[in-house]
Amino acid sequence: MRSNDLRPEEFARRIRAHALRMVHAAKASHIGGCLSMADLLAVLYTRILRIDAARPDDPDRDRFILSKGHATAIMYAALAERGFFPLEELQTFCVNGSKLTGHISHAVTGVEVSTGSLGHGLPIAAGMALAAKSDRRAWRVFCLLSDGECDEGSNWEAILFAPHHKLDNLIAIVDYNKIQSFGSVPEVLALEPLAEKLRAFGWYVMEIDGHDLEAIERTLGAVPERTGKPTAIIAHTVKGKGVSFMEHKLEWHYKSPSAEQLDSALAEIG
Ligand SMILES: Cc1ncc(C[n+]2csc(CCOP(=O)(O)OP(=O)(O)O)c2C)c(N)n1
Ligand SMILES: [Mg+2]
């Protein structure tokens with residue numbers, strides 16, 4: 001069921017390049033937050049998720065929920081690279097009438113939940129994990145959140161709820177790129193000490209470099225099962241990672257690369 005066709009490095013390189021082309025063509029936003037999660041997605045979709053593109057409705061598949069639903073270009077790219085739909089369809093990103101909308105849509109094969117209004121993914125993921133437990137099924141629920149999104153109170157209800165229900169089949173991953181849409185995370189609303197807060201709520205917490213592919217694979221591959229605790233992985237990342245003029249830059253939350261910027265970004269990605 002797992003795809004070992006592509007190594008995570010190559011998968012990450014490809015989805016970064018697709019996302020850059022897609023946001024350029026559509027004059028769309030959110031490339032910074034796409035690039036920060038590229039390596040996490042690459043490991044999830046090549047090594048971790050128990051999914052089969054030939055059976056997208058398999059009741060025993062792992063569920064992946066992208067809670068930061070604005071970072072959709074790279075998510076669609078990952079699904080296309082993983083065989084859920086043809087790569088050519090990526091060219092319809094944000095085109096009128098296309099399924100590939102600017103915030104993620106479950107009309108697209110392989111997408112579990114439509115998101116984009118921040119703060120919804122983790123509560124839904126917790127409900128799904130509870131359903132799997134109630135049905136005594138072995139599938140797991142992975143939920144990727146952004147750091148700015150952690151300001152939403154709905155997440156903290158889910159963070160309270162999941163340990164109470166012993167949802168050790170729930171894995172939350174925080175793309176901790178330290179930048180939101182109008183400022184840095186510590187400026188807008190401080191999250192620290194995030195790991196301590198999650199531990200105090202009863203989560204099993206790990207912190208990793210979210211661009212170290214081996215560390216990501218090792219950590220996600222070793223999520224403890226049957227501990228009675230949900231797992232949170234705080235992935236320290238860089239907004240705009242892989243394109244030097246976008247890295248750590250707030251403006252690339254909204255800006256779309258020009259033709260010249262696209263060329264130079266693609267040259268860096270390789
Ligand atoms: C409920 C809600 N409020 C506001 C927005 C507008 N919005 C889009 S992205 C974003 C924040 C982006 O920062 P972050 O959440 O850290 O995402 P990332 O850095 O991963 O792109 C905001 C406020 C939204 N999508 N949903
Ligand atoms: Mg952020």
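## Close-up views of a predicted model

**View 1. Residues around ligand 1.** In this predicted model, ligand 1 is surrounded by 17 residues, and the closest are K68, G116, S146, D147 and K239. Sorted by class, the shell consists of 10 polar, 5 charged and 2 nonpolar residues.

**View 2. Polar atoms facing the oxygen atoms of ligand 1.** The side chain of H70 places a polar atom 2.8 Å from an oxygen atom of ligand 1. G148 approaches through its backbone instead, with an N or O atom 2.9 Å from an oxygen atom of the ligand. For E149 a polar backbone atom is again involved, and the distance to an oxygen atom of ligand 1 is 3.3 Å. Taken on its own, ligand 1 has 580 Å² of accessible area, of which the protein covers 77%.

**View 3. The magnesium ion (ligand 2) and its protein donors.** The ion has as protein donors D147 through OD, N177 through OD1 and I179 through O. These atoms lie 2.1 to 2.2 Å from the ion. Along the chain the donors follow the spacing D-x29-N-x1-I. D147 sits in the loop between strand 2 (141-146) and helix 6 (153-164), and N177 in the loop between strand 3 (170-176) and helix 7 (185-188), so the pair ties together parts of the chain that are 30 residues apart in sequence. Both D147 and N177 are buried. D147 also belongs to the closest residues around ligand 1, which places this residue in View 1 as well.

**View 4. S36 and its contact with D175.** S36 is part of helix 2, which covers residues 31-36. Its relative accessible area is 0%, so S36 counts as buried, the limit being under 20%. The side chain of S36 makes a polar contact with the side chain of D175, at 2.7 Å.

**View 5. The cis peptide bond between E192 and P193.** Most peptide bonds are trans. The bond that joins E192 and P193 is cis, with omega about -5°. P193 is found in the loop between helix 7 and helix 8, the latter spanning residues 194-200.

**View 6. H30, a residue with positive phi.** Most residues other than glycine have a negative phi. H30 is not a glycine, yet its phi is positive, near 75°. The residue lies in the loop between helix 1 (8-26) and helix 2. With a relative accessible area of 11%, H30 is buried.

**View 7. R226, also with positive phi.** Phi of R226 is about 55°, a positive value although the residue is not a glycine. R226 is found in the loop between helix 9 (213-221) and strand 5 (231-236). Its relative accessible area is 73%, so R226 is exposed, whereas H30 is buried.

**View 8. The chain as background to the close-ups.** The secondary structure comes to 10 helices and 5 strands. Along the principal axes, the C-alpha atoms fill a box of roughly 50 × 45 × 35 Å. Of the 270 residues, 55% count as buried, D147 and N177 being among the buried residues.

How values were computed
Residues are numbered from 1 along each chain as its sequence is written. Chains are lettered from A and ligands numbered from 1 in the order in which they are written. This is a predicted model: local features need pLDDT of at least 70, side-chain atom pairs count only at pLDDT 80 or more; totals for chains, interfaces and linings use all residues. Side-chain values use heavy atoms; hydrogens and water are left out. Donors are N, O and S atoms within 2.8 Å of the metal (3.2 Å for Na, K and Ca); water is not among the atoms, so sites may look incomplete. Helices (H or I, at least four residues) and strands (E, at least two) are DSSP runs, numbered from the N terminus. Buried means under 20% relative accessible area, exposed over 50%, partly exposed in between (1.4 Å probe, protein chains only). A residue is near a molecule or strand if one of its heavy atoms lies within 4 Å of it. A polar contact is a pair of N or O atoms within 3.5 Å; within protein, one must be able to donate a hydrogen and the other to accept it, and residues adjacent in sequence count only if both atoms are side-chain atoms. Accessible areas come from the Shrake-Rupley method with a 1.4 Å probe; for residues, only the protein chains shown count as cover. Ala, Val, Leu, Ile, Met, Phe, Trp, Tyr, Cys and Pro count as nonpolar, Asp, Glu, Lys and Arg as charged, and the others, Gly among them, as polar.
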